[in-house]
Amino acid sequence: MSFGSEWNFSQVFGEQTPHEDIQDCDILSAMEFDKNGDHLAVGDQGGRVMIFERQAGKEDPFEYSSRSDSGRFNLPQRQHPEFKYKTEFQSHEPEFDYLKSVEIEEKINKIRWCTKLNSSLFLLTANDRTIKLWKIKEQKVKNVKQMVINPSVTSENSLLADRSYTSGQSEPSHANGSSLEWTNKMNGTSPSHLADITNEASIRSRRVYANAHDFNINSISNNSDGETFLSGDDLRINVWNLEVSDQCFNIIDMKPKDMEDLTEVITSAEFHPLHCNLLAYSSSRGFIRLVDMRKSALCDHNVKIMQDGRTHGSKTLFSEIIASISDMKYAMDGRHILSRDYMTLKLWDTHMETSPVATYKIHEHLRPKLPKLYTNDAIFDKFDCCLNGDGLQFATGSYSNHLRVFSCGTGNEDGITVEVKKEPNRKPTSQTTSRPRRSSLSNLARGFYRQGSS
């Protein structure tokens, strides 16, 4: 029995009440599970980060029901994990770059979990220009709630006892300023329910990595060494040490001397999951470049360039735009790479450079509508992709709240389409026709596409 063939609604956070207007700052912009799937971090356009934690007692993946009427035991059913709200914090604030006269939004673009140390969680968050390292530690907080005293002791004696204790003893008093030790001396009476101990998350900013990117940050990725991470924008990729915030190393620089010669931009970058010296990055021309940092300090030369050779031939305006890779992920084995462009989802084997091992069509039904999508800018929409732990299943998003899920080696190229709604029969809401212009450097790439069509 395959449990991956059926997808059901599990849990929703932040449901919209009837007649409630959604504010722009409340729109989610980034999310990331930690390595073990115990914590979920969600960022929004208001610069806030919310942390959800797997609820205790929900780790058992299966549950067995009672014997059925036919006398047979029912098959085991998947127990969905449940998450509860843990904490939230303001990660970024709106800023203004006076040198370039550019307003920097507080919107969270990327979130990445770092290696857990002891009981502390570490998290990297990034907006368009700045990356921050956060430490989240759970602390036990004692709150005094109630104190029970022997009723035979009068208030005058209590006051004298309190004075005699505070003047003759040197032990520290309670956190709220009251001394409780004296109650133990009166007829053996002991306080009851003195304090309520609760767990609260303490959040602290450990590092701020700033002033290293001139263009919008589109990628951050932790290295397998647990000490470094990369950050990438449209033209550069930098490598940082987690403990050093005022210095980074630029390893890839695609900025031409004349910006009119710009032909492609970096769209995504990620470290190899096993080898700390390897990384891969994708471009707006549909290339995936593999880089070995041991070759040289500036990685101008690629170890491998992977591209779909089947797309060669007559080039059109739309074919170049839809070839742009919007997201790329390494599989845990380090050999396979999953990439997403506007029309397809592709699985690559790093030992095969000329073509992907599998191609899954996502938006093939939109191909006749590409001119219209180009006019309203929808053709530049970006979609993410992800793989599960064993790399045999992967998913990506689409329009109309649809999630596309595929399984490797099943022979089913259509996959499964899941409608991400609590009420799947609800009528879809009409989308507004006005679309905000993007502020990324990818507008430059969009510019030479438009110049080429004129």
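What you have open is a predicted model, in which local features need pLDDT of at least 70 and side-chain atom pairs count only at pLDDT 80 or more, while totals for chains, interfaces and linings use all residues. Residues are numbered from 1 along each chain as its sequence is written, and side-chain values use heavy atoms, with hydrogens and water left out.

**The whole chain**

Of the 454 residues in the chain, 38% are buried, where buried means under 20% relative accessible area, exposed means over 50%, and partly exposed lies in between, with a 1.4 Å probe and protein chains only. Among the contacts in the chain with a separation of 6 or more, 54% are between residues 24 or more positions apart.

**A sheet of four strands**

Next, select β17 (266–271) and β18 (278–283), which belong to an open sheet of 4 strands with the order β17-β18-β19-β20 and antiparallel pairing; two strands pair if DSSP finds at least two bridges between them. At the edges stand β17 and β20 (304–306), each with a single partner strand, so one side of each is left without a neighbour in the sheet.

**Leu274 and its partners**

Move to Leu274, in the loop between β17 and β18, and ask which residues it touches beyond its neighbours within four places in sequence. Leu274 is in contact with Ser224, Met332 and Asp333. Although Leu274 and Asp333 are 59 residues apart in sequence, their C-alpha atoms are 7.8 Å apart in space. Leu274 counts as exposed, at 51% relative accessibility.

**Two residues with positive phi**

Finally, select Asn118, in the loop between β9 (110–113) and β10 (120–126), which has a positive phi of about 55° although it is not a glycine. Asn118 is exposed, with a relative accessible area of 78%. Then go to Ser400, in the loop between β26 (393–397) and β27 (402–407), where phi is near 60°, again a positive value in a residue other than glycine. Ser400 counts as partly exposed, at 46% relative accessibility.

Notes: Contact = heavy atoms within 4.5 Å.
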